[in-house]
Amino acid sequence: HEHLSTVSGIHHIYLQQLWQGVSVVDGVLSLHIDKQGNLIAFHDQFIKSFSDKVRNPSHQISPQNAVQKVWSHFGIEQDAELKMITQSSDISIKTEFESTNLTHGNVFAEKKYLLDSTNQIRLSWEVKFEMADGSKNLMVYVDVENTNILRIHNLTLECEFVPEGYAEKKQPFLPVKQKLINEENVYHVY
C-alpha cells in the first residue's frame, strides 16, 4: 500500500510481511520519502528469525470451524448453518460467509500468521464480523491447529460525550448509531 500526501508531498510506502504467501499480522515495514527522494523515516515491524519461531500445524480446522469457535467463545448460539459465498484458491484461503441473524454484514475468515504471547508464530484464522446490534466490530484470531483463541480485537470506537450538568444522569450525549466507515475507506496508520 502506498500514499502520497497532497499536503506535505511525502510518499508513504507500506510493505506487508508474508511467509509462504500468507500475511503476517502486524508485520509491516514503512518507508517515508520526501519530495526530493530522501528517506526521512523508516519503521520495521517485520518479525525477525521467522523460520525459528514458526510452528507448523499437524492439521488445520476449516474456516467454518473457526467461526463456530468464535461464536462459542462469546456464548453466541447460532441456529442457522454458515453459508459460504466465496473462497479464494490461494494459500491464504480467504473465505466470505453470508450475513447471519447475529451479524451486520458478511463474516470473513482468512489465514494469517500471528506472533503469540509465547513468542511462537502460529498459523491462525482471522475471523472478522460486526455484531447485528452494532455493539462490536470484532477481529478474532483462532489457532488453526488447536482452535485456541489467540487474540481478540474490538474495532468499535466507543465514546461518551456528556455535557456539563448531565453527568449525574449517566446517559451518553448524542450517541453515534451510524456506521461511519466501510472497509473500502479504511486507512491504516502505522
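**Notebook: strands, rings and charges**

I began with Asp26, which is found in strand 3. Helices (H or I, at least four residues) and strands (E, at least two) are DSSP runs, numbered from the N terminus. I noted that this is a predicted model, in which local features need pLDDT of at least 70 and side-chain atom pairs count only at pLDDT 80 or more, while totals for chains, interfaces and linings use all residues. Residues are numbered from 1 along each chain as its sequence is written, and side-chain values use heavy atoms, with hydrogens and water left out.

**Backbone angles**

I looked up phi for Asp26 and found a positive value of about 70°, although Asp26 is not a glycine. Most residues other than glycine have a negative phi. Asp26 has 46% relative accessibility and so counts as partly exposed. The classes are buried (under 20% relative accessible area), exposed (over 50%) and partly exposed (in between), with a 1.4 Å probe and protein chains only.

I found another positive phi, near 60°, at Thr147, also not a glycine. Thr147 is in the loop between strand 10 (137–143) and strand 11 (149–154).

Next I followed strand 3 (residues 22–33), which pairs with strand 4 (residues 39–44) in the antiparallel sense over 5 bridges. Two strands pair if DSSP finds at least two bridges between them. Ile33 stands opposite Leu39 of strand 4. This hairpin has 5 residues between the strands, and Gly37 takes a positive phi near 90° there.

**The chain as a whole**

I listed 2 helices and 11 strands in the protein chain. Their order from the N terminus is β-β-β-β-α-β-α-β-β-β-β-β-β. Of the 190 residues, 33% are buried.

**Aromatic rings**

I looked up aromatic pairs and found 3 in the structure. Rings of Phe, Tyr and Trp (its six-membered ring) pair if their centres lie within 6.5 Å; planes under 30 degrees apart count as stacked, over 60 as edge-to-face and the rest as tilted. Trp71 and Phe129 are edge-to-face, 4.7 Å centre to centre with 85° between the planes. Trp71 lies in helix 2 (residues 63–73) and Phe129 in strand 9 (residues 121–130), so the pair ties together parts 58 residues apart in sequence. Both Trp71 and Phe129 are buried. I also noted one aromatic cluster, formed by Trp19, Phe50 and Tyr113.

**Charged side chains**

I searched the whole structure and found 6 salt bridges. A salt bridge is a side-chain nitrogen of Lys or Arg within 4 Å of a carboxyl oxygen of Asp or Glu. Arg55 and Glu145 form one, at 3.1 Å, N to O. Arg55 lies in strand 5 (residues 54–55) and Glu145 in the loop between strand 10 and strand 11, so this pair ties together parts 90 residues apart in sequence. Glu145 also forms a salt bridge with Arg122, with the closest N and O atoms 3.7 Å apart. Shared partners join Arg55, Arg122, Asp143 and Glu145 into one network. Within it, the closest N and O atoms of Arg122 and Asp143 are 2.2 Å apart, and both residues are buried.

I ended with Glu96, in strand 7 (residues 95–97). Glu96 is buried yet has no salt bridge, and the nearest side chain of opposite charge, Lys128, is 11 Å away. Lys and Arg count as positive and Asp and Glu as negative; His and the chain ends are not counted. Leaving aside neighbours within four places in sequence, Glu96 has contacts (heavy atoms within 4.5 Å) that include Lys83, Ile85 and Phe108.
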